[in-house]
Amino acid sequence: MTDAQHPEPEHDLKTAAEHGVRWAAISRPAIEVVLLASMVVIARLISPAEYGRFAVVTALSELAIAIPSQGVGTAMVQMESVTRRHQQAGALLGIGISVVLVALAYILGWLVIGPVFGGRTEHLVHLATPGFLLAGIAAVPMAMLTRRLEFKWLSLIDVGNTMTRAAASVALALAGLNAEALIYGGLLAGALATGIALIKAPPPLPRYERDAVRDIRRLGVPAAGAALSWVGFRNCDYAIVGARLGAVQAGLYFRAYTLAVEYQKKVSLVVGQVGFPVLARATSPEALEEMRGRMVQVLSVVLFPLLAILAVTAPVLIPFVFGDDWAPAVAPTQVLALGGASTLVIDAIGASLMARRRTHTVLVFGWAHFVVYAGAVLLIAPLGLTAVALGAALIHTGFMVVGYWLMLRDSDERLWTCIADDLAPAVVSCVVLAGGALAVDVVLNAANVGEAARLVLVSTAGGVTYLVALRGLFPKTWDLVLGFAGGVVPANRLPRLHRGLVLLARTSEG
C-alpha cells in the first residue's frame, strides 16, 4: 500500500490552499481570542520570575517536539511516496527519539539546569517530560494528515489543543499553582491532540525496516538539524538572559518576545501548516515562486499592521492589560516588533526552501542564525533587555535578507526587487499607520482620555490610516488581498466585505 505523491495541477493546489486557509481563518480567530484571554489572566496570577523559569522549560519542550516532528514528520511529508513500511519505521523512530530525549532532559537537569537556573527550574523540567513522549507518538499521524492536506482536521486539532491548554492552565493557576499550571495545561492539551491524530490517521505498529529508515533519515536528519537550530534560536535568549540577569528579567523578556514575535507567528503558522505541503506539490519552480510571493504579500499585509499598532500602543497596552509588574517589558516589546516582522518572512522563506527539498540549505541557515543570535545575546545581555531586543531585531532583519539571497541564488530575479515586491506595500503603509496613530495618541493623551478608550481609538485610527494608504498607494496589492479573501470568505459575503472596505477607505479619504 503506497501513498504516491504526483505533481498536482496548479488549479488544484490553489483550491487546496484556499481550503486550508479557510479552515485556518475559521480556527485562528477563536484560538487567538482564547490565547489572549488566558495570557492576560495567567499573567496576573503568575509572577514574571515564574514565567522566566517556565521559559527554560519551554525551550526543552519545543526541542522535544521539533526533533521527531521535523526529523520524522517533515521527512514523510517531503517524500515522493510513503508506504506502510515507512509508517512503521517512522512510528518506531518517533517513539525512540522521544525516549532518548526524556533521558537527556533528566541528565541535563542534574548537570546543567539545576546548577545554573536552580532546583525549582529543574523540577519543572522533569514535570514536562511526558509531553516529549506524546510528540514522538504523534509524529507519524500528523505527518499523514498533512500529506493528505487534511486541513480541516489539522485546524480542529489546533483548536482543541489551544482550548484545552488555556482552560486547564487558567483553572490550575486560579487554584494556586504557579508555573506548574502552564506545564500541566500543556500536557493535557498534548494528550488530546495526540489522541485525535491517532484516531484520524492511525499508524501501524512500530517496526524496524532498514530501507524505510534510510529513506526517512535521508530527509529527516537535515530537517531535524534545522529544527534543533531553530528551537535553539527561539529560546537561547531566554536561557542566556535568565542565566546572566535572573528569572525576573527572563520573564519580562519572555513577555516582550511573546507579544512582538511569537504571538504574531501563531497566525503565520498557516504558512507552515498550509503553505509547505501545498508548495511541496507545485508543478514547477515558477508556480512555486508565484504562490510563495502571494503568500508573503498577504501575510505581511495582514500581520505587519498588527505589529505596528502594538509598537505604538505598548506603553499603555502592557501595563493596562497585564499589570504594572510587566511595565519594564514595554521598550523591549516596541523594539522587537521589527524582529517579529522579519521572522514572519523568514518562516515563509523556510517553507519555500523546504518545499524545494533544499533541506541542507535550511540546516546551514538555521544554525548560522542560531549561533550569531546566541553570541550576540551573550555579549549584549549585561546592557539590559532593551539592548538585547535591539540586537535581536537587527539580527533577525539581517538574516531575513540572507534568506532571500539563498532562495533566489539560482534565480534570475534581483534580491532587492523581490524584497520590495513582497514587503513594500505593508512596510510603507505601516509607516503611514504609525504616523496617524501617534498623532491621535498625542491628542488623546493631552486630553487625559482613559486607557481603554485611548487604546481603542488609537488602534482604530491606525487601522483606518493603514487601509487608506494600502488602497491608495498599492492598488494591485489591495486587489490581491481582496482576491485572496474571495477564496476564504464565503462567496455570498465577499461583495459585502469588499463594499465595506472600500467604503471605509473612501470615507477616510474624504
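**Figure 1. Arg 218 is exposed, with a relative accessibility of 55%.** The model shown is predicted: local features need pLDDT of at least 70, side-chain atom pairs count only at pLDDT 80 or more, and totals for chains, interfaces and linings use all residues. Residues are numbered from 1 along each chain as its sequence is written, and side-chain values use heavy atoms, with hydrogens and water left out. Arg 218 belongs to helix H8, which covers residues 210-245. Helices (H or I, at least four residues) and strands (E, at least two) are DSSP runs numbered from the N terminus. A residue is called buried under 20% relative accessible area, exposed over 50% and partly exposed in between, with a 1.4 Å probe and protein chains only. Although 143 residues separate Arg 218 from Ala 75 in sequence, the two C-alpha atoms are 8.1 Å apart in space.

**Figure 2. The protein chain contains 17 helices and two strands.** Of its 510 residues, 54% are buried. The chain has an accessible surface of about 21500 Å², and carbon and sulfur atoms account for 67% of it. Accessible areas come from the Shrake-Rupley method with a 1.4 Å probe; for residues, only the protein chains shown count as cover. Among contacts with a separation of 6 or more, 82% join residues 24 or more positions apart; contact means heavy atoms within 4.5 Å.

**Figure 3. Tyr 253, Phe 322, Tyr 373 and Tyr 404 touch the most other members of the largest nonpolar core, which has 109 residues.** Helix H10 (residues 285-322) gives the most to this core, namely 14 residues. Apart from it lies another core of 24 residues, which includes Met 79, Ala 143, Ala 212 and Ile 216. A nonpolar core is a set of buried Ala, Val, Leu, Ile, Met, Phe, Trp, Tyr and Cys residues joined through side-chain atoms within 4.5 Å. In soluble globular proteins, nonpolar side chains tend to be buried together. Neighbours within four places in sequence aside, the contacts of Tyr 253 are Asp 237, Tyr 238, Leu 336, Tyr 373, Leu 385, Val 388, Ala 389 and Ala 392.

**Figure 4. Helix H12 runs from residue 359 to residue 380.** Its 22 residues reach 31 Å from the first C-alpha to the last, close to the 32 Å expected at 1.5 Å a residue. The expected span is 1.5 Å times one less than the number of residues in the helix. Buried residues of H12 include Phe 365, His 369, Phe 370 and Tyr 373.

**Figure 5. Thr 258 is buried in helix H9 (residues 247-279).** Its relative accessible area is 10%. Not counting residues up to four places away in sequence, Thr 258 touches Met 39, Tyr 238 and Tyr 263.

**Figure 6. A salt bridge joins the side chains of Glu 50 and Arg 120, at 2.6 Å from N to O.** Glu 50 sits in helix H2 (residues 48-78) and Arg 120 in helix H4 (residues 119-128), so the pair ties together parts that are 70 residues apart in sequence. Glu 50 is buried, at 7% relative accessibility, whereas Arg 120 is partly exposed, at 27%. A network of salt bridges links Glu 50, Arg 53, Arg 120 and Glu 180. A salt bridge is a side-chain nitrogen of Lys or Arg within 4 Å of a carboxyl oxygen of Asp or Glu, and by this rule the count comes to seven. Side chains of opposite charge can pair when their charged atoms come close.

**Figure 7. The side chains of Arg 454 and Asp 441 form a salt bridge of 2.7 Å, N to O.** Arg 454 is in helix H15 and Asp 441 in helix H14, so the pair ties together parts that are 13 residues apart in sequence. Both Arg 454 and Asp 441 are buried. The loop between helix H14 (415-446) and helix H15 (451-473) holds Asn 448. Asn 448 has a positive phi of about 55° although it is not a glycine, and this residue counts as exposed, at 68% relative accessibility.

**Figure 8. Trp 110 is part of a nonpolar surface patch with Val 100, Leu 104, Ile 107, Leu 108, Leu 111, Val 112 and Val 116.** Together these residues have about 750 Å² of accessible area. Patches are made of residues with over 30% relative accessible area and no salt bridge; like charges are joined within 9 Å and nonpolar side chains (Val, Leu, Ile, Met, Phe, Trp, Tyr) within 5 Å. Trp 110 lies in helix H3, residues 84-117, and counts as exposed at 54% relative accessibility.
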